[in-house]
Amino acid sequence: MRAGFPDFRLGAVLATSFTGTLSERHGDAVERIPTPHRLVDWLAVYGLAVDSCTTAQLELARELRESIHAAATAAALQDALPASAVQVINDRSAQGRATAVLTPEGKRRWRLGPASRVEDALSVIAADAISIIAGERDGKLALCASPTCQAAFFDTSRSRTRKWCDMNTCGNRQKKARFNANRRKNPGSAD
């Protein structure tokens, strides 16, 4: 990982983790892929290694990220999917060359060709978004309860009632704020 950049917020679902490369969308936004090299780093973390990335490819990635976020947010709210977002997701899905492979553990992984491009990796992310937005996977799309975050995430908890995109960031921040507010209201009760 390259020093000087915000840490990645990694999750188990590729598409919603990708939308998390821009966090705190309703507060002080944090861009986690500010440069082409940083996108290369993020893709490598998810097994989608590419040799290089141009500024134009970074813009394609950001357009896909925002389209997935818009479509996932609409799906979580049970609203109509934005046509422009659907078009971008479908276009990126069709533009790549990637192969699904089965691991010895019985898991599906994506393999990019030897001369893989950013567009190939983006096609995998788009295909994952299609899978979760279309309801093909066990879980449900939800929005983070943090008023500054509101990230779309894929809830696979047993009860499907998860409130936070990430308990270690948004969840802890909200619990700490609630604790401090209670402490200010009742100063003697914390002792």
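The exercises below work through a predicted model of one protein chain.

Residues are numbered from 1 along each chain as its sequence is written. Because the model is predicted, local features need pLDDT of at least 70 and side-chain atom pairs count only at pLDDT 80 or more, whereas totals for chains, interfaces and linings use all residues; side-chain values use heavy atoms, with hydrogens and water left out.

**Exercise 1. The chain as a whole**

State how many helices and strands the protein chain has, in what order they run, and what share of its residues is buried.

Solution. 
- Step 1: Take helices (H or I, at least four residues) and strands (E, at least two) as DSSP runs, numbered from the N terminus. The protein chain then has six helices and six strands.
- Step 2: Read from the N terminus, the order is α-β-β-α-α-α-β-β-α-β-β-α.
- Step 3: Call a residue buried under 20% relative accessible area, exposed over 50% and partly exposed in between (1.4 Å probe, protein chains only). Of the 191 residues, 39% are buried.
- Step 4: Count a contact when heavy atoms lie within 4.5 Å. Among contacts with a separation of 6 or more, 56% join residues 24 or more positions apart.

**Exercise 2. Helix α2 and its cover**

Find how many residues of helix α2 are buried, and what covers them.

Solution. 
- Step 1: Helix α2 spans residues 36-45, and seven of its ten residues are buried.
- Step 2: The buried residues are Pro36, Arg38, Leu39, Val40, Asp41, Trp42 and Leu43.
- Step 3: Their cover includes α1 (14-19), α3 (55-76) and α5 (118-133).
- Step 4: Just after α2, glycine 47 has a positive phi of about 75°.

**Exercise 3. Aromatic pairs**

Find how many aromatic pairs the whole structure holds, and classify them.

Solution. 
- Step 1: Rings of Phe, Tyr and Trp (its six-membered ring) pair if their centres lie within 6.5 Å; planes under 30 degrees apart count as stacked, over 60 as edge-to-face and the rest as tilted. The search of the whole structure gives two pairs.
- Step 2: Phenylalanine 18 and tryptophan 42 have ring centres 5.1 Å apart and planes at 55°, so this pair is tilted.
- Step 3: Phenylalanine 18 is in helix α1 and tryptophan 42 in helix α2, 24 residues apart, and the pair links distant parts of the chain.
- Step 4: Phenylalanine 18 is buried at 0% relative accessibility, and tryptophan 42 is buried with a relative accessible area of 0%.
- Step 5: Tryptophan 42 and tyrosine 46 form a tilted pair, at 4.5 Å centre to centre and 35° between the planes.
- Step 6: Phe18, Trp42 and Tyr46 form one aromatic cluster.

**Exercise 4. Serine 23**

Describe where serine 23 lies and which residues it touches.

Solution. 
- Step 1: Serine 23 belongs to strand β1 (residues 22-23).
- Step 2: With 3% relative accessibility, serine 23 counts as buried.
- Step 3: Leaving out residues up to four places away in sequence, serine 23 touches Arg9, Asp28, Ala29, Val30 and Arg32.
- Step 4: Serine 23 and threonine 148 are 125 residues apart in sequence, with a C-alpha to C-alpha distance of 8.8 Å.
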